[in-house]
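Please have a look at the model before reading on.

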Amino acid sequence: MSLLAQVRVVLVEPQEPMNVGAVARAMRNFGLSRLYVVNPGPRVGPPWAQEAYWLAVHAEEILDQAVVAPGLLEALRGVQRVVATTGRPRELYPAPVVPAWEVPRHVLSAEGEVALVFGRETFGLTNEELDLAHLIGTIPTAPEQPSLNLAQAVVVFAYELFKAASQGEGGPKEELAEVSALEALFQDLGRYILEIGFTDANRFPYAMRRLRRILHKARLSPGEVQLLRGLLHQSRYRMRNRDG
């Protein structure tokens, strides 16, 4: 199960302590141990509410060692691949969308840290939070009841990862650029497309999500990110000095 040691489960602003405890138990069931909690609600903790421990059966250690982060970017520091989960349809996804059973081949081939990100019980992840994802995982459900409890969603993805890791389905490793490097590239790209008039302020979020999706499909390495940033910087420099 060493393949699972690189995986962190990230909960964004959970509001119910029992859900956090149930997530910890689900993680223990399927060989995951690294829990990150982003800006938990006041009823949740830390210190973690007693209700969380009630449901964290034999997984209290996961709660005790959980990392609390003030924001999602902080929780993703050092991560090479981000898989965000969602059950809500969106007008445009910023990354490729795959069902839960396809997530392991993307996760277990990563050379570095991987994060599985789960949103709030009430409305999931915001569009801005989804923008940080390299891949978006979904769980197909019956249309009569499409939503899942937070812990139920974690169980499904954790089981798929555990099954694939047990069968040695990690595949060849690849080094990918970390979240911080990619976000620096997207900031450069955003400034560039505004400066050249490719889009305007109103259409900017839509344009950037389409560009994010394209670049995430490319699975950029650290060197490729540096190359693209250098290209953008040189292009902007030449534009500013073209009359010189």
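Which helix gives the most to the lining of the second largest pocket? Helix 8 does, with 6 residues. Please keep in mind that this is a predicted model, where local features need pLDDT of at least 70, side-chain atom pairs count only at pLDDT 80 or more, and totals for chains, interfaces and linings use all residues. Residues are numbered from 1 along each chain as its sequence is written, and side-chain values use heavy atoms, with hydrogens and water left out.

**Second largest pocket**
- Its volume is about 240 Å³, a volume being the space filled by probe spheres set on grid points joined across faces, edges and corners.
- A pocket here is an open set of points on a 1 Å grid over the protein atoms alone, where a 1.4 Å probe fits, with protein on both sides within 12 Å along at least five of seven lines; lining residues have an atom within 4 Å of a point.
- Of the 17 lining residues, L73, V179, S180, E183 and Q187 lie nearest the centre.
- Helix 4 (72-75), helix 8 (179-195) and helix 9 (204-217) are the elements that give two or more residues to this lining; helices (H or I, at least four residues) and strands (E, at least two) are DSSP runs numbered from the N terminus.
- The lining has 9 nonpolar, 3 polar and 5 charged residues, with Ala, Val, Leu, Ile, Met, Phe, Trp, Tyr, Cys and Pro counted as nonpolar, Asp, Glu, Lys and Arg as charged, and the others, Gly among them, as polar.

**Helix 8 with helix 9**
- These helices pack at about 135° with axes 11 Å apart; axes are lines fitted to C-alpha atoms over the stretch in contact, and angles run from 0 to 180 degrees between N-to-C directions.
- That angle makes helix 8 oblique to helix 9, since angles under 35 degrees count as roughly parallel, over 145 as roughly antiparallel, 65 to 115 as roughly perpendicular and the rest as oblique.
- Their contact (heavy atoms within 4.5 Å) includes L182 and E183 of helix 8 and F204 and A207 of helix 9.

**Largest pocket**
- This pocket has a volume of about 570 Å³.
- T86, G87, R88, S147 and L148 lie nearest its centre, among 26 lining residues.
- Helix 7 gives the most to this lining, with 3 residues.

**Helix 1 with helix 7**
- The axes of helix 1 (residues 17-29) and helix 7 come within 8 Å and cross at roughly 15°, so the two are roughly parallel to each other.
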